[in-house]
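Colleague: I have not seen this structure before. Could you take me through it by question and answer?

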Amino acid sequence: MRFSSPSVVTGAASPCRSPSVASVLAAVAVIYVGLRRLRPERPWFAWLVAFFYATCPALTMPQIQHDMYMTTAAMPIVALVVISLGFALETRAWRAWIWLGAGLGAVWFCHPPVAFLTSAS
């Protein structure tokens with residue numbers, strides 16, 4: 001069984017949503033692992049933040065309602081940027097700043113509108 005929806009412009013069926021599911025799972029994994037490394041004494045906090053990130057409307061609506069696959073594909077990198085910023089502010093380690101720069105570069109390469117919002121905040 002193939003899950004697809006007709007495209008508004010061409011009327012053709014859009015591809016399966018499995019890359020979007022993989023992107024959401026990767027973003028949840030990045031947030032969970034990053035928060036566990038940043039705050040190892042609070043595993044439930046990391047789980048709750050990852051769960052709320054996966055179920056927030058800003059992440060679910062682009063993939064469910066609007067077929068915005070590239071916005072969803074940029075979400076793991078946005079999660080990496082946020083976690084790297086947390087590490088950079090907490091630990092002041094130079095590796096955190098390198099990960100922050102690499103993440104911002106990757107999100108600019110992946111999806112410039114999301115990167116603009118990520119860089120501005």
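Colleague: Which exposed residues does the face of H7 turned away from its buried side carry?
Modeller: This is a predicted model. The buried residues of helix H7, residues 112-120, are Val 114, Ala 115 and Thr 118. Seen down the axis of H7, these buried residues fall within an arc of 100°, so they line one face of the helix. The face turned away from them carries the exposed residues Phe 116, Leu 117 and Ala 120.

Colleague: What is Leu 104 in contact with, leaving aside its neighbours within four places in sequence?
Modeller: Leu 104 has its place in helix H6 and counts as partly exposed at 24% relative accessibility. Leu 104 and Leu 80 are 24 residues apart in sequence, and their C-alpha atoms are 8.9 Å apart in space. With sequence neighbours within four places left aside, the contacts of Leu 104 are Val 81, Thr 118 and Ser 119.

Colleague: On the other side of H3 from its buried residues, which residues are exposed?
Modeller: Helix H3 covers residues 57-64, and its buried residues are Leu 59, Thr 60, Pro 62 and Gln 63. They cover an arc of only 165° around the axis, which puts them on the same side of H3. The exposed residues on the other side are Pro 57, Ala 58 and Ile 64.

Colleague: Which residues have the most contacts inside the largest nonpolar core?
Modeller: The largest nonpolar core has 16 residues. H1, H2 and H5 each supply at least two residues of this core. Leaving aside neighbours within four places in sequence, Tyr 53 is in contact with Ala 27, Ile 31, Leu 59, Met 75 and Ala 79. The residues with the most contacts inside the core are Ile 31 and Tyr 53.

Colleague: Is Ser 23 buried or exposed, and what does Ser 23 touch?
Modeller: Ser 23 has its place in helix H1. Its relative accessibility is 12%, so Ser 23 counts as buried. Not counting residues up to four places away in sequence, Ser 23 touches Thr 72, Ala 73 and Pro 76.

Colleague: What accessible area does the nonpolar patch on the surface have together?
Modeller: Nonpolar side chains tend to be buried together in soluble globular proteins. Here, Trp 44, Trp 47, Leu 48, Phe 51 and Phe 52 form a nonpolar patch on the surface. Phe 51 has its place in helix H2 and is partly exposed, with a relative accessible area of 39%. The accessible area of the patch is about 600 Å².

Colleague: What is the phi of Arg 92?
Modeller: Most residues other than glycine have a negative phi. Arg 92 is in the loop between H5 and helix H6 (94-110), and this residue is exposed, with a relative accessible area of 63%. Although Arg 92 is not a glycine, its phi is positive, at about 60°.

Colleague: What share of the residues in the chain is buried?
Modeller: The chain has seven helices and zero strands. The chain exposes about 8,000 Å², and carbon and sulfur atoms supply 72% of that area. Of the 121 residues in the chain, the buried share is 31%.

Technical notes
Residues are numbered from 1 along each chain as its sequence is written. This is a predicted model: local features need pLDDT of at least 70, side-chain atom pairs count only at pLDDT 80 or more; totals for chains, interfaces and linings use all residues. Side-chain values use heavy atoms; hydrogens and water are left out. Patches are made of residues with over 30% relative accessible area and no salt bridge: like charges are joined within 9 Å, nonpolar side chains (Val, Leu, Ile, Met, Phe, Trp, Tyr) within 5 Å. Accessible areas come from the Shrake-Rupley method with a 1.4 Å probe; for residues, only the protein chains shown count as cover. A salt bridge is a side-chain nitrogen of Lys or Arg within 4 Å of a carboxyl oxygen of Asp or Glu. Helices (H or I, at least four residues) and strands (E, at least two) are DSSP runs, numbered from the N terminus. Buried means under 20% relative accessible area, exposed over 50%, partly exposed in between (1.4 Å probe, protein chains only). Contact means heavy atoms within 4.5 Å. A nonpolar core is a set of buried Ala, Val, Leu, Ile, Met, Phe, Trp, Tyr and Cys residues joined through side-chain atoms within 4.5 Å. The arc is that of the directions from the helix axis to the C-beta atoms.
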